[in-house]
Amino acid sequence: MIIRNVTVVDGTGGAPLSDVEVVVSEGRFTAIRPTTGEGPSIDGRGGYLVPGLWEGHTHLAGVHTRDIPESERVQHISRLLSDYLAAGITSVVDLGGSLDVALEIRDYRRTATDPAATLFFAGRLFTGVKGWPVLDDTERAAIAFQVDDPGLAHQQALALADQVDFIKCVYDGEPGAPDKLSFDALRAIVAAGHEKGKKVLVHVHRRRDVEEAVAAGADGIEHAFLPQDAGSTQEAVDIAALLAESNTYYCPTLVTWEQIGRNGDASYLDELAKDGILTAADIPRIAGSAWYGRPFRRHPAQESRVRLDYAMRTLGLMHEAGVKIAAGSDIAILMPSAPIALFRELQLLAKAGLPLRAVLAAGTRHVAEKIGQGAHAGTIRPGAVADALLLSADPRTDLAHLISPAHRVWTLRGGRML
């Protein structure tokens, strides 16, 4: 396949390549070169070719399947992956849940004929004894290793690493409390993951959690942290320097804190509609849902608003400091669909002051890199998996050009045009 008459925004951060042709062979990009005009080709219509989008943090077997019978869960998640692809999201990163379900989905997708986004998953996550998100819920115990012994944690992580794409740890709770993963156990899990060549991502709560996760060798930090002093940006300056120096990725999940913090606020739904996230028909449906106005366990609304507000004020300076920011939505309790939650996250990153080229990197290359897939995915370059979007307008001038279906001409998934 040769795609001609396009401008390539390759996701690497370099300058766009105008009036080029892109060669695809056996599901990968093989060349990007000046237009030759030779041989059969597909007309890119003067559009912009960008990498396919990545959902960098979600839980497919969480709120998305809470009302689905267990016997139908795998097929339901498979359809959800198809919905992601239909929205231009070519890869989805699941940050923890049932390993059995994840493996079943991967097996199911190997023989499925309908196109869908590629799934990358952590399977069972690591937490402290009765720690978040298990707490005292016996039904959720199967999604996590509850550990307090570093030696056992190391052994479990070594075994898990052979079955998953990366490892996820929850480092949330009061220091020394039994429900918080110990620092020694965290360090042992990170070491095991790295022994197996797998990245380790760490869910955090406060600044100290970020610092200790980085000290343990974490590859990525999940969620914007709760500051000690929300009135000062100094904590963000310090954390930015730490993350940039250690080359640790940062996935703030802004839309998570926005939804939890503003749940039950009618003006929030109006704002989402104004920003094109909701339609007029979506508002009464969401306002009448079981999640609307319901407190979210472990994360109080006021605290979530503080995390959101602080992140929105400081993400720009973190970007300027060289922090690699990745986009992920986590939950979609007030969104019309899971894919649209990622679009809201990209909007919030732009509202927080990230330039659009950085927003594009956050929704593509940085997610691929944080889970160890950056060498061959998340960009348009020879050797990379041929996942891309052809847009009718320049995504560097208006975010709507990237996320609005009105500007999406077609999607390329593994070299297959959709």
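## A buried aromatic pair

Phe120 counts as buried, because its relative accessibility is 11% (buried means under 20% relative accessible area, with a 1.4 Å probe and protein chains only). Trp54 is buried too, at 2%.

The model is predicted: local features need pLDDT of at least 70, side-chain atom pairs count only at pLDDT 80 or more, and totals for chains, interfaces and linings use all residues. Residues are numbered from 1 along each chain as its sequence is written, and side-chain values use heavy atoms, without hydrogens and water.

The structure holds 4 aromatic pairs (ring centres of Phe, Tyr or Trp, the last by its six-membered ring, within 6.5 Å). One of them joins Trp54 and Phe120, with 5.3 Å centre to centre and 15° between the planes. That pair is stacked (planes under 30 degrees apart). Trp54 sits in strand β6 (residues 53–58) and Phe120 in strand β8 (residues 118–121), so the pair ties together parts 66 residues apart in sequence.

## Fold and packing

The protein chain has 14 helices and 17 strands (DSSP runs: H or I of at least four residues, E of at least two).

Buried residues make up 56% of the 418. Of contacts between residues at least 6 apart in sequence, 72% join residues at least 24 apart (contact: heavy atoms within 4.5 Å).

## Surface

The protein chain exposes about 16400 Å², and carbon and sulfur atoms supply 50% of it (Shrake-Rupley method, 1.4 Å probe).

Methods:
Buried < 20%, exposed > 50% of the residue type's maximum accessible area, 1.4 Å probe, protein only. Phe/Tyr/Trp six-rings, centres within 6.5 Å; stacked < 30°, edge-to-face > 60°.
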